[in-house]
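Here are two exercises with worked solutions. Look at the structure, try each task, then read the steps.

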Amino acid sequence: MSGTRFYYLHPLLAGPIDRWPDHLDRVAAMGFDAVITSPPFVPGPAGNLFLSADHDRLDPRLGGGDVPSALGRLAEAAGRRGLRPILDVVIDRVAAEGPLGSGASNWYRADADDKLPDPRRPPRQRGVATLRADGDVGGLAEWWAARMAEWADAGITGFRCLRPHRVPARLWRDVIAAVRRRHADTVFLAWTPGLRSSEAALAACGFQLAACWSRAWDAPSGEFDGTLDSLTQIAPLITAPETPFGRRLAAAHTDSGDARRAADQALALAAAYGGGWLMPMGFEFGARREMDPARDRPEDFARLVAEAPFDLTTQIAATNACCGSLGVRTIGSMRVLSPPGAPVAALLLAGAGGETEAGLRLILVNESLDDSVKALAAPLLTASGLPGAVFEGAGGPPIGPDGAIGIAPGEVKVLRAAAIPAVVSPAPEVMAATTAPRIAIEAVSPAVDDGRFPAKRLVGEMVDVSADVISDGHDRLAAALLWRAEDEPDWHEAPMTPAGNDRWTGRFPLARLGRHVFTVAAWKDHFGNFAAELEAKHAAGITVDLELEEGRLLVAEGAAQADAAAARGLAALAKKLQKAGAEERRRLLLAPATASLMASARIRPHAFRHPTSFPVDAERRAAGFASWYELFPRSQSGDVNRHGTFDDVIARLPAIREMGFDVLYFPPIHPIG
């Protein structure tokens, strides 16, 4: 039944049963598949939505007679026109004077007339008995199943179940299962507009359809996203531009032109959802007056048609034909992409198959009925969360992040999300990736332009070196500083210490005047990593027998790979570990002397040395600070009648030296004659 177009026919507006064929002809001509109507029982004070004492007799205003024969005539007339007859059902309340609500059963309880009203709840209806929450629903399920099966025997093909959340889910399951055992094709539509996500218990009851308002995102609660997703768990959704016996869409507009544009927008929106829709009687003629379940008359509908501000029957037929040609597009979930009060309402609909680009539709609704508007595609694509997509279906080229979508006044535009290919990069060289170093050394200091120019220091100083050393995983690392004078063939090495946050520091001396170079090397510190884990496990009270044996094997491996001097010490330690008990083993393995011995073995897995040799110039001590004396040679003669010469300057040098100056500075000098 998903994709069905429903028309709600109010029996009191339609008039006697013998007049209904005229209405059914009009409904069929507009392209609807099914007609929904309320049970034409004696209305009583509570209205004709509730079973009364004479529930097997027709309301006299509908021509009288018994209900089964009337339903049979309705089913036969609807079937000849290709319409499926659907009947409204209310289980949570009945007329108080009827057999179910009068106290003959324990299923319903009538409210006392003197009961004070609850200001937190809507005003209660008099003459109504409500379903008892503590009653036995088993017998009631059998009663309702028998009654609905009788109506199905008469030709009714389905039921619109009103206020389903007010009925225990177990009762719905029993009723629906019992009716379908007798009539397997019976349709049950859960009328769910206004329900919250907490009513998801209806999901396992067997409903084939659920309903929501087509403009449900306007709800002030802001809970629409979660509510709709919950409703889709109950059954596939159909939409309604306005609800039977609810506020009319045209009543929100004083101007008939605005009302017409709003109705056009509602029709387009119903087609945009594409999962089926329901239209109440009178919408096609711009009805402003709400339906009355007890006092409506055929004359009211005749007056509505005569005074209709517009007639949408032709447009509705075209909309229904369009919905039928597009096929069923079941709503799986919906997200509202636009903020409240935005000029364009943007809705992202995913089909029941999930939120893939192929099943996504973007619905854009221009909230203004008078002005055109443009919607930027970039924020919509960003809010949608699509990894790479464009929007198609606007009658032009695909719209990407740099585009804008024009929307006419009151227009509803439907776009499809289409995936675009990701950027194709060349495949990485496998061998190069496998041989790439696992350790990186970055931000080495001191360095001028990454080592292009030498850093400056004074001879005799210590050069403080720092670098970031990082690697994959959580293993401990070790690093060393390598340096030499530029004319030395061999490197000197000193360990670096971690300074926190992956920063390592070390220092080396500048013993000679001239250029020196340095670099940084790093490797995985397997023994340091082992020692840290051993200490942590022992402190936590975990048995460490396996770890102690692992440590002994590491020491033995170091003895086999180290040079002769380190190998002797490690071999002796390995023998001690072989003979020692568990506690002595742990003490030996965690001793600082053992860490020094293992470091001397120079077992350096995944070792990496920075490829740059960073230069440092060791300058004279005077380069660190000097006092300069400036003079003009032409002014040094001491005789106003002749200019000075360099010989005069030479004569002044002892006096300048006695003042403690280190440098004699000349300004620019012109040729001296």
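**Exercise 1.** In what order do the three strands of the open sheet lie, and is the pairing parallel or antiparallel?

*Solution.* The model is predicted: local features need pLDDT of at least 70, side-chain atom pairs count only at pLDDT 80 or more, and totals for chains, interfaces and linings use all residues. Residues are numbered from 1 along each chain as its sequence is written, and side-chain values use heavy atoms, with hydrogens and water left out.

Step 1. The order is S4-S6-S5, and the pairing is antiparallel. Strands are DSSP runs of E with at least two residues, numbered from the N terminus. Two strands pair if DSSP finds at least two bridges between them.

Step 2. Find the edges. Strand S4 (93-95) and strand S5 (108-110) each pair on one side only.

Step 3. Check one pair. S4 and strand S6 (residues 128-131) run antiparallel and are joined by three bridges. Arg93 stands opposite Thr130 in S6.

Step 4. From one strand to the next, it averages 35°.

**Exercise 2.** Describe how helix H12 (residues 526-539) and helix H15 (residues 582-589) pack.

*Solution.* Step 1. Give the angle and the distance. The angle is about 135°, and the axes are 10 Å apart. Axes are lines fitted to C-alpha atoms over the stretch in contact, and angles run from 0 to 180 degrees between N-to-C directions.

Step 1. Classify. H12 and H15 are therefore oblique to each other. Angles under 35 degrees count as roughly parallel, over 145 as roughly antiparallel, 65 to 115 as roughly perpendicular and the rest as oblique.

Step 2. List the contact (heavy atoms within 4.5 Å). H12 gives Phe527, Phe530, Leu534 and His538; H15 gives Glu583, Arg586 and Leu589.

Technical notes
Helices (H or I, at least four residues) and strands (E, at least two) are DSSP runs, numbered from the N terminus.
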